[in-house]
Amino acid sequence: MINLISIKHLKKCFAEQTVLNDINLHIGKGKIYGLVGRSGAGKSTLLRCINGLESYDEGSLTVDSIEVSSLSAKAAREFKKDIGMIFQQFSLLSRLNVYENIALPMKCWNYNQTHIDRKVKELVEVVGIHDKIHAFPAQLSGGQKQRVAIARALAMNPRILLCDEATSALDPQTANSIISLLDTINKQMGITIVVVTHQMSVLRRSCEDISILENGKIAESGSVVEIFLRQPKALINLIGRKDQILPHTGINIKISLSQEVAQKPLITEMARNLQIDFLFMGGEMERFRDSVLGSLTINVNDEDYTGVTEFLNAHRVPWQVLLPLECAEQALAEEEY
Ligand SMILES: Nc1ncnc2c1ncn2[C@@H]1O[C@H](COP(=O)(O)OP(=O)(O)OP(=O)(O)O)[C@@H](O)[C@H]1O
């Protein structure tokens, strides 16, 4: 895989405050990469470092092997042309119509009118708003405004598209349609996309790899499927624990089911092999970019715990013990204390 964006030991401070510290991550060409974290973790600042809008104090940030901080003013202007950006609040100019909003970057770069006209007409088709070309932003829905913003971001043929909470102001169905559009743009145009989001559904549906930021540091990085299967502490800190009612007797085991495992009758095989009974406490299937992952929570008798976990380990099935909610909260409080 060719890395398009490489970040090594990056540090960024605002006055006395260190906002990003020892950030290391690599984003492959043509990938959709997710950055998540709680409010204030430093996600937007990291995006702004990638497109050169924000400087950094230490470390290295290269895009296509070019150190962003080393660019001259003229080269930096060219560089920014190569990176499109979209935001939660769309940032359209209200006094311009759809055509004029999309044309704006090309006008700023003094492109000729024939080129602008062809490009705008091509882009409204790509983002599916050709019938709104003369409408003003106030006449558009949130989803349509974001489509205009995407078209404007694509006007200069960027190689990278940065999306800062691009679906956060939209209802789930409209958000899904924007994710599908981004996916199409990624696949058809080969544009590398970096997505900053609070919405786990967006991550699961769109990204292959993610980093979880905590207080300006990367707490976890890896494939989205692997991280959701493993459920590390940084992910739990972000999404919280499900308010699942679990018994205080026996042991509650959450079993993560990859697509491959979910297609096998592994759980019934386990019951037969070990000759045990257990209770089903709940389960769910979740859609990921290219697959479906599931989880199943069972309650086993104390004496069956070793046999069950040995069976799961032998079949390389990830699992974890779930405590009833109040016990989990107490354990977390003790850990933090
Ligand atoms: N221009 C600035 N000057 C001073 N401090 C800033 C500036 N921009 C961001 N910060 C601080 O940097 C920290 C990280 O902010 P940032 O916006 O990157 O976080 P975030 O993870 O994107 O948060 P959110 O999800 O709420 O948008 C915050 O403490 C913020 O107050």
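This is a predicted model: local features need pLDDT of at least 70, side-chain atom pairs count only at pLDDT 80 or more; totals for chains, interfaces and linings use all residues.
**Overall build**

The chain contains 337 residues, of which 34% count as buried. Its secondary structure comprises 13 helices and 14 strands. Taken along the principal axes, the C-alpha atoms fill a box of roughly 75 × 50 × 35 Å. Among the contacts in the chain with a separation of 6 or more, 70% are between residues 24 or more positions apart.

**Strand pairings**

| Strand pair | Bridges | Residues opposite each other |
|---|---|---|
| E1 (residues 3-14) and E4 (residues 58-63) | five bridges | isoleucine 7 and leucine 61 |
| E4 and E5 (residues 66-67) | two bridges | valine 63 and isoleucine 66 |
| E12 and E13 (residues 292-300) | nine bridges | phenylalanine 278 and valine 300 |

E4 and E5 form a hairpin with two residues between them. In the turn of this hairpin, aspartate 64 has a positive phi of about 55°.

**The open sheet of four strands**

The pair E12 and E13 belongs to an open sheet whose strand order is E12-E13-E11-E14, with antiparallel pairing. Why is one side of E12 and of E14 left without a neighbour in the sheet? Strand E12 (278-287) and strand E14 (319-322) stand at the edges and each has a single partner strand, so one side of each has no neighbour in the sheet. On average, and with direction ignored, neighbouring strands of this sheet are turned by 20° against each other.

A helix accompanies this sheet. Helix H12 (residues 305-314) lies across strand E11 (251-257), E13 and E14. The helix runs at about 10° to E11.

**Ligand surroundings**

Which residues surround the ligand? They are Phe14, Val19, Gly37, Ser39, Gly40, Ala41, Gly42, Lys43, Ser44 and Thr45. By class, this shell has six polar, three nonpolar and one charged residues. Helix H1 (residues 43-50) provides the largest share of the shell, with three residues.

How values were computed. Residues are numbered from 1 along each chain as its sequence is written. Two strands pair if DSSP finds at least two bridges between them. A residue is buried if 20 or more other C-beta atoms lie within 10 Å of its own, exposed if 12 or fewer, and partly exposed in between; C-beta atoms are placed from the backbone. Two residues are in contact if their C-beta atoms, placed from the backbone, lie within 7 Å. A residue is near a molecule or strand if its C-beta atom, placed from the backbone, lies within 6 Å of it. Ala, Val, Leu, Ile, Met, Phe, Trp, Tyr, Cys and Pro count as nonpolar, Asp, Glu, Lys and Arg as charged, and the others, Gly among them, as polar. Axes are lines fitted to C-alpha atoms, for helices over the stretch in contact, and angles run from 0 to 180 degrees between N-to-C directions.
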